[in-house]
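Dear colleague,

I am passing on the structure we spoke about, with the sequence alongside. Please have a look at it first, and then read on for what was found.

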Amino acid sequence: MKWVVTAPQAGDMVRVKVNELYHYGIYVSSKEIIQFGLSPILRTTNNDNEIEVCFSDEKTFLCGGTFEVGIFDKSNEKKRTCAEIIDYARSKIGQKGYNILYNNCEHFAYDCVTGQKLCSQTEEVRKVFRAVPIVDVYTAVIPKDAKLSNLYPKERQQDIDACSNERVKKEKYYAWKLLEYALKDKYSLNICDVNFEKSKAGKWTCDKCYFSISHSSDVVAVAVSDSAVGIDVEQNDNVKENAIIKVLTNSELKQFDVIKNDDRISFLLTKWVQKESIFKAGKEQKFLPSKIDTTLYSVKIKNLNVFAKEYILGVCSIPNGIMRFHENVIL
C-alpha cells in the first residue's frame with residue numbers, strides 16, 4: 001500500500017506524523033476519527049491500562065499536521081467495505097488493552113480495514129520505546145494499625161531507629177516497605193538481593209536501578225526507573241508562606257507577587273515539590289531550592305486526596321520518561 005496526502009473519505013484509514021512516528025485512525029467525518037487512544041502529545045495518561053479506543057474531531061486528530069490516506073493494493077487488500085470498516089471501528093469504542101509494541105493505534109486501524117493487526121513501524125516504535133525510560137510510581141497510605149519490624153539493610157533500620165519522632169519513624173519505615181514492594185513488582189527483585197548505599201548528603205542508591213522515596217503524614221511514595229528519578233509528596237498544610245524566599249527564584253518571586261492570596265500556598269507548594277523532585281533526580285549534594293529553575297525540567301504533578309487531606313505529588317525523570325502510576329498499594 002501507499003500513503004497519499006489528500007482529503008479523506010468515510011471509511012478511509014488515515015495517519016498523521018507525530019514527532020518520529022505516525023498516529024493512525026479510521027476516518028468517518030470531520031467530526032469523527034476513530035483511533036486507539038488520542039495522539040500521544042494529547043494524552044493525559046501514560047498508563048496503558050487507561051488508554052482506550054475513542055474518537056475525536058479532525059482538528060484534535062491532526063494536532064496541526066496533515067492527513068495521509070492509505071491506498072490499498074493487491075499485496076494488502078481491504079477485507080471490509082467502507083460501511084463495514086466504520087461499523088467495526090465504532091464497535092470497538094471503549095475497548096482497552098493498548099500496548100505500544102503489540103496493540104497500538106496502527107494495529108487497530110489495520111484490523112478495522114483488513115481484519116489483521118499489522119504494524120509497519122514496529123522497529124521504529126521499539127527504538128523510540130527503548131530510548132524512553134519507564135518510570136513506575138507507587139503510592140500507598142500508611143496503615144492505621146502500623147506495626148514496625150526490622151528492615152533490610154541494617155543501615156536503613158539504624159537510620160529509622162535514630163529518628164526520635166514516632167510519626168516520622170513510621171513514615172520512613174513504610175516508605176521503605178513500599179520500595180520493597182516496587183522492586184518486586186517492577187523487577188521481580190527481592191530487596192535482600194539489592195546492595196544499598198547512603199551518601200553523606202543522605203541520598204540512598206542501589207546497584208540494580210534508580211529509585212527515589214518520599215513520605216508526608218499518611219502517604220508514602222516511591223519511584224523506580226532505569227534512569228535518574230526523583231519524587232516528592234507533600235501535604236498542603238505543611239508549607240507556610242515564610243518559606244517563600246528560600247524556595248523561589250527571582251523570576252518566580254515576580255510571578256508570586258501577582259498571584260491572588262488564595263492561590264499563593266498552592267503555587268508555593270507546587271514549586272517546592274517540583275524542586276525537591278528535581279534535586280533528588282540530580283547529582284547535586286546540597287538542596288538549594290532558590291537556585292533550581294523549574295522551567296528547565298519536566299516534572300509530572302499529581303494531586304492526591306487521602307482521609308480528606310490534600311496532597312501534591314511530583315515526579316522528575318532525567319531524561320524525561322513515560323510514567324506509570326500504581327496507586328493505593330496495600331502494605
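Which residue lies over the face of Tyr22, and at what distance from the ring centre? It is Arg15, placed 3.7 Å from the centre of that ring. Please keep in mind here, and in everything below, that this is a predicted model.

A pair of aromatic rings is described by the distance of the centres and the angle of the planes. The structure holds 17 aromatic pairs. Phe61 and Phe67 form a stacked pair, because their planes stand at 20 degrees, under the 30 degrees that stacking requires, and the ring centres are 5.9 Å apart. Phe61 counts as buried because its relative accessible area is 0%, and Phe67, with a relative accessible area of 7%, is buried too.

Turning to the surface, you will find a nonpolar patch formed by Leu296, Tyr297 and Ile318, which together have about 290 Å² of accessible area. Leu296 sits in the loop that runs between helix H9 (261–281) and strand S13 (299–306), and Leu296 counts as exposed because its relative accessibility is 63%, where the cut-off is over 50%.

Another loop residue to look at is Asn19, which is found between strand S2 (13–18) and strand S3 (21–29). With a relative accessible area of 65%, Asn19 is therefore exposed as well. The C-alpha atom of Asn19 is separated by 9.1 Å from that of Ile41, although the two residues are 22 residues apart along the chain.

How values were computed: Residues are numbered from 1 along each chain as its sequence is written. This is a predicted model: local features need pLDDT of at least 70, side-chain atom pairs count only at pLDDT 80 or more; totals for chains, interfaces and linings use all residues. Side-chain values use heavy atoms; hydrogens and water are left out. Patches are made of residues with over 30% relative accessible area and no salt bridge: like charges are joined within 9 Å, nonpolar side chains (Val, Leu, Ile, Met, Phe, Trp, Tyr) within 5 Å. Accessible areas come from the Shrake-Rupley method with a 1.4 Å probe; for residues, only the protein chains shown count as cover. A salt bridge is a side-chain nitrogen of Lys or Arg within 4 Å of a carboxyl oxygen of Asp or Glu. Helices (H or I, at least four residues) and strands (E, at least two) are DSSP runs, numbered from the N terminus. Buried means under 20% relative accessible area, exposed over 50%, partly exposed in between (1.4 Å probe, protein chains only). Rings of Phe, Tyr and Trp (its six-membered ring) pair if their centres lie within 6.5 Å; planes under 30 degrees apart count as stacked, over 60 as edge-to-face and the rest as tilted. A charge sits over a ring if NZ of Lys or CZ of Arg is within 6 Å of the ring centre and within 35 degrees of the ring normal.
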